[in-house]
Amino acid sequence: MSVRALLLLILAVPALIVGGAMAAGVIIPVPHWGRDYVLSFLLDPEGEPLELPAIAGPEDPARPLVVLDAGHGGRDPGSIGRGAGGREVLEKDIVLALTLALRDELLKEGGIRVALTRDTDRIVTLSQRPEIARQLGADLFLSIHADSAGERRDVEGASIYTLSNEASSEAAARFAERENAADALNGITIEGQSAEVSAILVELSQQRTQEDATEFAALIAREGDGRVRFHPQPRRSAALAVLRAPDVPGVLFESGFVTNDADRARLMTEQGRQEYAQALARAIRVYFARRALP
Ligand code: ZN
């Protein structure tokens, strides 16, 4: 092989590699960067940028924003109950219908902005749900579910979940670790802070967020009294991933049991859903009204 041919080969190999990688989608050219190329490895769905939902209601960004989160969706049906004639009743469908009813109830009276993590039958990952609320700058997050008691058909009633204390500070620590580089929580900028200071600021933000969440949970219990059929012990706390946003107060509302005939009947009729929606909408309004006070 001549020296010239060897040189040509040496020069051609990197070009072939880059060209091949581009063709394979590993590297994509960025046109406005001119001659440069950016490495863009295929991301897993968790790492993909979020598609943020539209915000309904008043255009004024100063108005409070609540993100409603219908649980499950797509290939994840959630709890499964049996309706008349053994027909399957899926949690994902029940909670979407209830979420849409609540959205309509809130928009009807106006003054509050509303966004939904999903308004169709599609999958949204657990980590994306609170992240949507965070990225929209939401003031409140409400996740709506329906429970299953397995073979126990007599277990009924709604429950209101907040994040457990243990899970809360654990989430704060993990969040601090992850978001250490740059972030703002409840208006506290933690960019440039040491890891220790960041951890403390996140912990403080998380504490305030959990106090707000607890207050909202109490309001749901209060406004639901006489309107919603509650479980005998309706107030609960658990390590729920969907409630782990350190800066958006969040509550998970288990509307009832798909395995219980009475609960299912309430959740599957428009009038039944309306009762839930009115109670939840009132709790949201009172929560925001308290914060609007000077
Ligand atoms: Zn669920």
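Trainee: What makes strand 3 and strand 7 count as paired, and in which sense do they run?

Mentor: In this predicted model, strand 3 (residues 65-70) and strand 7 pair in the parallel sense over five bridges. Pairing requires at least two bridges, so the pair qualifies. Within it, Val-66 has Leu-140 of strand 7 as its bridge partner.

Trainee: How do you know that strand 7 also pairs with strand 12?

Mentor: Six bridges join strand 7 to strand 12 (residues 250-257), and the two run parallel. The requirement is at least two bridges, so this counts as a pair as well. Phe-141 stands opposite Gly-250 of strand 12.

Trainee: Why is strand 7 described as largely enclosed by the rest of the structure?

Mentor: Because seven of the eight residues of strand 7 (residues 140-147) are buried.

Trainee: What makes His-72, Glu-91 and His-145 donors of the zinc ion?

Mentor: Their atoms NE2 of His-72, OE of Glu-91 and ND1 of His-145 lie 2.0 to 2.1 Å from the zinc ion. The cut-off is 2.8 Å, so these atoms count as donors. The donor residues are spaced H-x18-E-x53-H in sequence. His-72, in the loop between strand 3 and strand 4 (80-82), and His-145, in strand 7, are 73 residues apart, and the pair links distant parts of the chain.

Trainee: Why is His-72 called buried at 18% relative accessibility?

Mentor: Buried means under 20%, so His-72 at 18% counts as buried. His-145, at 12%, is also buried.

Trainee: What makes the contact between Arg-129 and Asp-69 a salt bridge?

Mentor: Their side chains meet at 2.7 Å, N to O. The limit is 4 Å, so the contact qualifies. Arg-129 lies in helix 3 (residues 128-136) and Asp-69 in strand 3, so the pair ties together parts that are 60 residues apart in sequence. Both Arg-129 and Asp-69 are buried.

Trainee: How many salt bridges does this rule give?

Mentor: The count is 19. One of them joins Asp-212 and Arg-291 at 3.1 Å, N to O. Asp-212 is in helix 5 (residues 195-224) and Arg-291 in helix 7 (residues 270-292), 79 residues apart.

Trainee: Why is Asp-212 called partly exposed, with a relative accessible area of 21%?

Mentor: Partly exposed lies between the buried limit of 20% and the exposed limit of 50%, so Asp-212 at 21% is partly exposed. Arg-291, at 33%, is partly exposed too. Salt bridges that share partners join Asp-212, Glu-215, Arg-290 and Arg-291 into one network.

Notes:
Residues numbered from 1 in each chain as written. Predicted model: local features only at pLDDT ≥ 70, side-chain atom pairs only at ≥ 80, totals over all residues. Heavy atoms only, no water. Buried < 20%, exposed > 50% of the residue type's maximum accessible area, 1.4 Å probe, protein only. Helix = DSSP H or I, 4+ residues; strand = E, 2+ residues; numbered from the N terminus. Donors = N, O, S within 2.8 Å, 3.2 Å for Na, K, Ca; no water.
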